[in-house]
2 protein chains.
Amino acid sequence: MFDKETYINRRKQLQQKVNKGIVLLLGNQQSSMSYKDNWYPFRQDSSFLYFCGIDLADLILVIDIDNDREILFGNDATIDDVVWQGPLPALFELAEQSGIAQSEKLSRLKSYLQSARPSTVHYLPPYRPEHYDIIGDLLEIPHLQVESKKSVALIKAIVSLRSIKSEAEIAEIEAAVNITNQMQLAALSSAKAGDTEAHIAGQLQSIAIAGGGNLSFPTILTTRGETLHIHYTNNPIVPGKMLLCDCGAETERHYAGDLTRTFPVDQAFTQVQKEVYEIVLNAQQAAAAALKPGELYRNVHLLACEKLVDGLKQIGLMKGDSHEAVLNNAHTLFFQCGLGHMLGLDIHDMENLGEQYVGYDETITKSKEFGLKSLRLAKALEPGFVLTVEPGLYFIPALIDIWKAENKHISFINYDKLDQFRSFGGIRIEEDFVITETGARVLGETLPKGVSEIESFRKDILQTTPLIVPASRI
Amino acid sequence: MFDKETYINRRKQLQQKVNKGIVLLLGNQQSSMSYKDNWYPFRQDSSFLYFCGIDLADLILVIDIDNDREILFGNDATIDDVVWQGPLPALFELAEQSGIAQSEKLSRLKSYLQSARPSTVHYLPPYRPEHYDIIGDLLEIPHLQVESKKSVALIKAIVSLRSIKSEAEIAEIEAAVNITNQMQLAALSSAKAGDTEAHIAGQLQSIAIAGGGNLSFPTILTTRGETLHIHYTNNPIVPGKMLLCDCGAETERHYAGDLTRTFPVDQAFTQVQKEVYEIVLNAQQAAAAALKPGELYRNVHLLACEKLVDGLKQIGLMKGDSHEAVLNNAHTLFFQCGLGHMLGLDIHDMENLGEQYVGYDETITKSKEFGLKSLRLAKALEPGFVLTVEPGLYFIPALIDIWKAENKHISFINYDKLDQFRSFGGIRIEEDFVITETGARVLGETLPKGVSEIESFRKDILQTTPLIVPASRI
């Protein structure tokens with residue numbers, strides 16, 4: 001937790017912005033795996049964390065603006081809870097720690113809402129099935145209406161607060177990035193042909209856990225880097241390929257880091273891997289250099305796309321005018337997603353509040369076209385935004401086949417030349433930035449990024465350490 | 001997956017046992033963490049795995065007994081799915097791999113059920129919130145009735161099949177136990193004063209992941225071993241305490257292992273730790289020796305309880321007749337839970353089907369009393385059962401205070417002597433067994449268990465390796 005004053009102040013700002021009614025902030029419940037009491041690691045709702053910092057299940061925070069009252073609803077532990085889960089602070093103590101004046105049994109929440117007769121009950125969009133049950137029951141509305149009755153006023157208020165990170169939050173995100181850095185170094189240090197992706201992925205998770213929190217998202221560690229959100233397999237890593245490692249830790253306070261490196265399984269990239277890598281690196285650096293307050297992130301995205309096309313033209317995969325190619329979305333055969341996203345308490349920060357409010361605003365609406373529809377952030381940047389920059393080039397056989405059969409964008413794409421790239425895989429390079437008053441600052445300690453840096457790091461490692469085989473396979 | 005014939009045969013047996021109607025076997029969905037698309041690692045439903053082995057989300061298997069038809073309902077991947085998640089087998093291929101003749105779009109399931117007009121639609125008890133939604137919608141029954149309309153015939157049929165493990169299943173569980181063994185050895189090898197529990201817990205998870213699966217349940221690794229299901233903290237481990245490590249891996253096929261060791265943070269147990277440890281060990285060995293077909297597991301549990309009381313009398317914490325003390329539940333101040341549980345595709349195998357069917361039967365019903373109400377398995381053992389034996393002694397200050405204030409069982413408990421045990425913690429020793437035709441066989445390779453074995457293992461480690469500090473704290 002941050003200090004009590006932080007939470008009191010955040011709630012005061014929220015009250016001012018929402019102005020009237022009752023705000024209902026749902027904490028999360030435990031999530032069951034293969035039976036009710038076998039739980040996934042608990043993950044608190046991020047907005048609930050932002051406004052009170054309490055990292056326990058089954059709590060609901062009510063901010064009754066009309067009556068200027070804050071109440072934490074929950075249940076005290078029974079002796080059975082103590083036996084199985086250990087001593088826990090009393091509900092009133094939890095409330096006290098966050099500067100919430102009142103606490104009440106959860107069973108009294110429904111009658112409180114009924115008797116308060118608020119002008120509006122504001123709540124956030126549900127994203128877990130149980131949210132529908134809880135809200136539907138409390139407000140006596142059918143499940144199917146729960147989503148549509150969410151409060152846009154509350155969403156906008158929270159997005160305006162959570163988007164601008166405080167110094168303390170930036171420090172916390174940077175701590176997460178530095179743990180993520182250690183994870184990347186572990187991957188760069190230990191990945192070898194014959195080892196499994198799963199073995200390395202396990203090591204990365206152990207570093208995230210040792211850092212005090214856990215993973216901020218399931219690790220992507222794959223020689224099939226062309227698949228954007230693939231995870232890892234138990235198959236031995238084969239030489240000649242590249243490993244794409246996209247991973248992140250979250251701190252004990254649940255702020256996230258998110259970094260990607262792509263590197264050769266062997267000591268060095270092949271010539272063609274190196275050429276494609278340099279294209280992505282050039283786009284990543286150009287995009288990073290363009291970050292500044294007032295700049296539309298969509299334009300930074302489009303700049304990166306043009307740089308990718310410039311490079312693809314040089315190696316003969318694309319042709320024609322780069323700007324025209326991007327306007328026509330021809331580049332989306334190779335770069336199907338967006339350049340980056342907000343980062344904070346969530347890895348895609350505030351994604352549950354709706355991208356149209358987090359990444360877009362009144363002046364800029366989300367495209368429905370392939371490629372741009374996956375751009376999570378497009379609006380003008382402001383000091384205090386924290387975001388990722390992560391261009392990539394992905395050679396997806398199924399997509400190439402579809403486009404080629406349709407002769408799609410044949411004036412921009414050299415399909416004949418593409419055949420030799422069918423098993424190339426994918427490359428992504430990702431860093432995290434905070435927008436400053438004048439530009440942007442990359443977060444975290446340095447990590448090998450250039451071709452020669454990566455190759456010399458890998459060379460040192462592979463020449464000095466023996467092949468590592470998972471303990472379970474010895 | 002096991003081979004196709006295995007699944008075909010299991011479904012045939014299920015058809016014979018259930019006899020009529022339609023069996024609806026729900027596969028699981030992805031579970032969201034802090035927003036919809038940030039998923040926990042996917043965990044398939046265990047009964048779904050048992051009957052078709054397909055480890056992917058959003059599938060429902062229909063076994064239409066009335067019409068002798070099996071259909072896998074699901075959806076084929078879109079090109080967007082391929083871009084983000086990679087190529088997947090077509091639905092008909094998945095069905096084919098499991099020997100299921102037919103496959104259909106998920107959207108056609110509801111009309112199939114309506115047009116088939118079955119005598120009964122059998123489904124298992126829901127344990128995730130979305131199960132209520134899916135079943136409620138398919139069968140047009142209110143959420144509140146979904147639980148009560150579950151099929152006891154289906155539950156009993158599945159319990160009778162899943163309870164008796166085949167040779168292949170026993171081999172798979174033993175593989176899980178052996179990965180768990182590696183985890184225990186890692187804890188025994190690396191735990192040191194000054195390190196954090198989280199750092200060690202991370203290492204254990206990395207071994208589970210390298211083994212091809214993941215954890216079978218969240219690791220319990222704590223110096224506060226008196227709390228039965230506590231996890232781990234980020235605080236440095238202090239000398240003088242014991243670490244209780246209760247952990248398990250599940251294999252790629254999702255069969256689980258589950259082992260507990262308790263060992264000193266230092267090279268050796270203190271004298272009092274050693275005395276209490278020997279009591280638990282004696283109870284564990286007596287219980288293990290009593291395992292055989294026909295024996296009520298409740299009696300094995302009660303035998304272990306008596307052995308615990310015998311030992312507690314020797315160190316002056318209890319008094320009176322051991323048998324009487326156990327009959328009166330006086331031992332539950334120190335051993336609040338059951339001796340063990342079934343083990344298989346779930347860590348508490350089939351717990352979602354209901355303990356009254358899995359661990360009890362017509363001849364033996366579950367007690368409501370503190371202690372016995374937590375005994376998950378009580379009925380007569382049969383060859384092929386796989387189960388844990390895990391007695392312990394737990395000194396819970398909050399519970400001691402309540403009992404002492406009530407003068408509860410003062411004819412059996414020496415409360416005065418107990419004061420010096422308030423910060424003792426807890427000890428548990430756990431192994432996994434398969435019931436054979438004549439007795440039982442412990443699963444997995446050997447692992448230090450006796451006091452001298454543990455102490456000599458720890459002594460070797462602590463004298464040869466330097467203090468390990470988590471990478472993120474350097």
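Here is a short walk through a predicted model, moving from its domains to one of its sheets.

Let's begin with the overall layout of chain A. The domain assignment divides chain A into domain 1, covering 4-163, and domain 2, covering 167-473. Between the C-alpha centres of domain 1 and domain 2 of chain A the distance is 35 Å. Where the two domains of chain A touch, domain 1 contributes 14 residues and domain 2 contributes 14 residues.

It is worth looking at the domain 1 side of this contact in chain A. Two helices each supply at least two residues there: helix H2 (46-52) and helix H8 (152-163) of chain A. H8(A) gives the largest share, six residues.

Now let's turn to a sheet in chain A. This open sheet has five strands in the order E4-E3-E2-E1-E5 (chain A), and the pairing is mixed. Strand E4 (102-105) and strand E5 (121-123) of chain A each have a single partner strand, so they form the edges, with one side of each lacking a neighbour in the sheet. From one strand to the next, the twist averages 25°.

Definitions and conventions: Residues are numbered from 1 along each chain as its sequence is written. Chains are lettered from A and ligands numbered from 1 in the order in which they are written. This is a predicted model: local features need pLDDT of at least 70, side-chain atom pairs count only at pLDDT 80 or more; totals for chains, interfaces and linings use all residues. Two strands pair if DSSP finds at least two bridges between them. Helices (H or I, at least four residues) and strands (E, at least two) are DSSP runs, numbered from the N terminus. Axes are lines fitted to C-alpha atoms, for helices over the stretch in contact, and angles run from 0 to 180 degrees between N-to-C directions. Domain bounds come from an automatic or database domain assignment. Two residues are in contact if their C-beta atoms, placed from the backbone, lie within 7 Å.
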